[in-house]
Amino acid sequence: MSRIFKYAFIIFWTLFVLAPLSWALVTSFKTPAAVNQGATFIPWVQFDPTLDGWQDILGISGYANLIPNMINSMIITFFASLISVTLGGLAAYGLSRFRYGWKYYGNSDIIFFFIAQRILPPVVLAIPFFLLLKNLQLLDTHLGLILVLTSGLMPIVVWLMVDFFNQIPREIDEMAMLEGCNPFQAFRKAILPLSKPGIAISAIFAVIFGWNDLFFALVLTFTKVKTLPAAVVALNGTVTPFWTLAASAIFSILPLLGFVFVVERYLAKGGFSGAVR
Amino acid sequence: MGIKFYKRLFLLPGLLLLIAIIIFPLLFSIRVSFSSWNVSRSGLDFVGGSNWARMWSDADFWGAMLRLLNFGVVTTSIQYILGFMLAHYVWQGIKSGRFFRLIWLVPLMTTPSIMAIVWRSIFREDIGAANGLLKSVGLSTIGWSTEIVPAMFTIYVAEIWQWTPFMFLFLLAGLLILPKEPFLAAEIDGSTPTRTFWRITLPLMAPISIGAILIRLIESSKIFDSIFVLTSAGPGNATETPTYFLWKRSLTEFQIAYGATLALTYLIVMIIVLTIVAKVLTYISRPRGW
């Protein structure tokens with residue numbers, strides 16, 4: 001009974017996940033006329049598929065070329081995620097193993113301070129960040145956007161990794177230090193190898209959130225550095241070109257799909273019981 | 001080098017970088033909220049607390065906050081339950097687990113603003129897929145953006161579709177690192193799977209569950225893209241949330257000073273609410289005897 005429910009639910013959820021994606025995929029092969037006629041679902045039967053939508057975004061028809069934007073997005077996402085996972089992981093390890101404090105404030109307040117950075121919506125931060133980057137002459141540069149994104153990605157990494165490190169028994173660090181490691185070596189040699197699932201998931205979150213940022217990219221970069229989401233949104237006009245946008249929706253998932261496919265193998269069942277000798 | 005050095009070595013680089021990036025925007029917003037910066041007059045004069053008084057009696061703003069409460073609680077709970085179910089299934093092991101795991105993560109990878117346009121093309125009254133399907137099975141069509149309940153429904157569906165994978169992955173991370181011993185002990189005691197779930201899995205997952213719920217409350221409260229594209233806060237202002245309200249005041253009407261006041265109010269309210277939610281959830285999930 002519960003087995004039937006389980007697989008029924010899994011199938012239902014998978015269909016729900018795939019439904020809008022397949023609609024986008026189908027739409028990306030339609031002509032404007034086919035879109036505006038009304039809803040059709042089955043290519044060749046209900047409408048004649050064309051590659052127009054895809055040629056429009058890949059620079060073939062001369063309408064728009066999203067590939068340079070994709071490279072910009074890759075550079076920015078890569079560095080913002082790298083900084084966030086490195087510094088965020090170190091901070092999370094510190095917060096999990098040591099006691100910090102200032103007057104009445106302790107570790108949990110510092111952790112909350114990190115995550116509180118995500119409370120304010122980008123709409124609010126856009127103007128002050130614009131002025132900040134303008135004064136630092138970092139508007140419309142990769143570095144400017146990387147720094148701003150890092151402030152949003154690092155909190156997620158810290159938030160996830162503190163819980164994660166808390167689950168790793170302290171005996172492992174202590175054992176390493178008894179064998180002559182200093183705290184940093186203990187972290188690098190004993191803890192880091194055990195942390196692959198946590199690092200993998202942090203990296204997935206950081207990359208996905210960095211990749212999909214739109215608002216900061218819209219406000220803080222213009223012509224020299226235009227990211228993929230900003231370029232896609234710019235395709236939208238008075239008449240929404242659903243066919244091109246559907247194609248770019250699918251197009252912008254592809255790099256992430258590849259990345260997650262590679263990283264996801266580290267999400268194996270852990271459990272640290274065997275790690276303590 | 002003493003332990004103090006290493007303590008600082010771990011925490012400070014991240015913490016200081018974060019403070020360096022956010023200190024200016026925060027102080028700037030506080031200063032602006034006491035000025036009269038708007039479309040006709042830019043600059044930092046000082047008008048005392050008049051923006052704050054206006055905020056206090058702004059019924060539209062507080063209405064949007066109440067609407068957000070409903071939205072945040074409903075979508076986060078649904079995402080938590082669905083995400084936990086999916087994560088638990090994968091953790092227990094299902095056929096083709098890696099395949100499903102990858103498929104279920106795809107919504108998370110889509111850009112919310114672009115996906116909102118795809119949802120728009122689904123819920124368009126005239127040429128959308130939803131009404132097209134309804135018509136083809138002989139049902140009457142629905143005014144997805146003109147009626148209150150359907151308009152809310154479209155936004156809730158888009159939100160649940162996009163962010164349940166986040167819960168799924170976050171909770172899966174938690175499940176993957178659970179210690180093995182309690183489960184072995186339960187097995188030896190002859191515990192049923194249901195009992196093991198309620199007495200062992202769920203309590204052990206409490207810290208990571210609270211973490212996941214808080215972060216989703218924070219994130220879903222910022223919802224903007226799908227409202228902007230799907231309903232434009234309508235019909236009327238039935239789907240207007242604080243972020244949309246803020247955006248209207250500060251970036252379309254250029255009431256910069258008042259926008260900063262609203263933002264800081266939002267920040268303070270969120271910090272208070274999240275602190276209470278964290279305390280309550282910690283209390284509910286505190287360790288109890290068998």
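1. Contact here means that the C-beta atoms of two residues, placed from the backbone, lie within 7 Å. Nonpolar covers Ala, Val, Leu, Ile, Met, Phe, Trp, Tyr, Cys and Pro; charged covers Asp, Glu, Lys and Arg; the others, Gly among them, are polar.

2. A word on the source. This is a predicted model, in which local features need pLDDT of at least 70 and side-chain atom pairs count only at pLDDT 80 or more, while totals for chains, interfaces and linings use all residues. Residues are numbered from 1 along each chain as its sequence is written, with chains lettered from A and ligands numbered from 1 in the order in which they are written.

3. Chain A has 13 helices and zero strands. Helices (H or I, at least four residues) and strands (E, at least two) are DSSP runs, numbered from the N terminus. The C-alpha trace of chain A spans about 70 × 65 × 30 Å along its principal axes. Of the contacts in chain A with a separation of 6 or more, 74% join residues 24 or more positions apart.

4. How much of chain A is buried? Buried residues are 46% of its 277 residues. A residue is buried if 20 or more other C-beta atoms lie within 10 Å of its own, exposed if 12 or fewer, and partly exposed in between.

5. The largest nonpolar core has 159 residues. Such a core is a set of buried Ala, Val, Leu, Ile, Met, Phe, Trp, Tyr and Cys residues joined through C-beta atoms within 7 Å. Helix H7 (residues 142-167) of chain A supplies the largest share, 16 residues. Val157(A), Val158(A), Leu160(A) and Val118(B) have the most contacts inside this core. Beyond residues up to four places away in sequence, Val157(A) touches Ser84(A), Val85(A), Gly88(A), Gly89(A), Ala92(A), Ser202(A) and Ala206(A).

6. Chain A is assigned domain 1 (28-65 + 236-270) and domain 2 (78-225). These bounds come from an automatic or database domain assignment. The C-alpha centres of the two domains lie 32 Å apart. Their contact takes eight residues from domain 1 and nine residues from domain 2. The domain 1 side has seven nonpolar, one polar and no charged residues.
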